[in-house]
Amino acid sequence: MSSLQSTFIGFSAILMWSLLALLTVASGEVPPFQLAAMTFAIGGAIGAVWVTWSGSWGALRQSPRAWALGVGGLFGYHALYFISLRLAPPAEAGLVNYLWPLLIVLFSGLLPGEKLRWYSVAGALIGFAGTAILFVGKGLAPTAGASTGYAAAFMAAFVWAGYSVLSRRLASVPTAAVAGFCLVTAALAALCHLMLETTVWPQGLEEWEAVIALGVGPVGAAFYAWDIGVKRGDIRLLGVASYAAPVLSTLFLVLAGFADARITLLLSALLIAGGGLLAAQDMLRRK
């Protein structure tokens, strides 16, 4: 599989993550950790079917370091993100959390054989500016006492960026191992749910369909696609392109009638597209 093909597979994860907000809203009042447990269980089950069909159960025999990175990345990020949304205003927490694409670009310069280009950093900064405009358009209202939530969002950004970049250092770990990471993450999320939340099941067919769609796509196939992208594709370009997720997410919410269209959506899209084109100079030159 070429670097270009792997990069486009990584792009598909970004597209799937752009449906996360819409499907989460459609899933009803299911508590966050319960929703994570249900959806990661579905995503892990899909991976288990793939592993069984391909006869690659040996892929789960990985070093403790690989398991620590896989489970720590998936569960650690989502746990911190959920905590940030509970303790800080969602718009502000989301904006702080979306430092992770910029951090991926910066951290990628530390990888063997990788060189940090000025246009990759500039593209990431432009993308972050576009994301900031999007969140400001939603209305920022910082509140006192939310510092713990902001800290959790900041840590979540570092966890996901670290997981994505360090995954490239473990490129020998097959993507099939992600199935095991998802199942362990589901178990940990279920444990947190039992300790911290009251169980609320989806109401009606539509909410169940939304939960299943989350498990199949944004919390399922997306992690397998992202694993391929960050291990074998252009990780810097994927980092910048990730800023498209909140724009597409907002667009889907508008189209579904869950949010109002704003001029900030267009401005944000233009900045993020421009940042992505700037960061894609290497790929465009090769083409």
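This is a predicted model: local features need pLDDT of at least 70, side-chain atom pairs count only at pLDDT 80 or more; totals for chains, interfaces and linings use all residues.
The secondary structure of the chain consists of 14 helices and 0 strands. Read in sequence order, the pattern is therefore α-α-α-α-α-α-α-α-α-α-α-α-α-α. The C-alpha trace spans about 50 × 50 × 35 Å along its principal axes. Among contacts between residues at least 6 apart in sequence, 90% join residues at least 24 apart.

Two packed helices are described by the angle between their axes and the distance between the axes. For helix H1 (residues 3-17) and helix H10 (residues 204-232), the axes come within 7 Å and cross at roughly 150 degrees. Angles over 145 degrees count as roughly antiparallel, and H1 and H10 are therefore roughly antiparallel to each other. Their crossing is left-handed. On the H1 side, the contact involves Ser3, Ser6, Ile9, Gly10, Ser12, Ala13, Ile14, Met16 and Trp17. These residues meet Gly217, Pro218, Ala221, Ala222, Phe223, Ala225, Trp226, Ile228, Gly229 and Arg232 in H10. The residues of this contact of H1 with H10 comprise 12 nonpolar, 6 polar and 1 charged.

A second pair is formed by helix H3 (residues 32-54) and helix H9 (residues 178-196), which pack at an angle of about 160 degrees with their axes 7 Å apart. H3 and H9 are therefore roughly antiparallel to each other, and H3 passes H9 in a left-handed crossing. From H3, the contact is made by Phe33, Gln34, Ala36, Ala37, Phe40, Ala41, Gly43, Gly44, Ala45, Gly47, Ala48 and Val51. From H9, Ala179, Cys182, Leu183, Thr185, Ala186, Ala189, Ala190, Cys192, His193 and Leu196 take part. The residues of the contact of H3 with H9 divide into 16 nonpolar and 6 polar, with no charged residue.

Serine 242 lies in the loop between helix H11 (235-241) and helix H12 (244-255). Apart from neighbours within four places in sequence, serine 242 is in contact with Ile14, Tyr98, Trp100, Pro101 and Trp226. Ile14 and Trp226, both among the contacts of serine 242, also belong to the contact of H1 with H10, Ile14 in H1 and Trp226 in H10.

How values were computed: Residues are numbered from 1 along each chain as its sequence is written. Side-chain values use heavy atoms; hydrogens and water are left out. Axes are lines fitted to C-alpha atoms, for helices over the stretch in contact, and angles run from 0 to 180 degrees between N-to-C directions. Helices (H or I, at least four residues) and strands (E, at least two) are DSSP runs, numbered from the N terminus. Angles under 35 degrees count as roughly parallel, over 145 as roughly antiparallel, 65 to 115 as roughly perpendicular and the rest as oblique. A crossing is left-handed if the near helix is turned anticlockwise from the far one by less than a right angle, and right-handed if clockwise. Contact means heavy atoms within 4.5 Å. Ala, Val, Leu, Ile, Met, Phe, Trp, Tyr, Cys and Pro count as nonpolar, Asp, Glu, Lys and Arg as charged, and the others, Gly among them, as polar.
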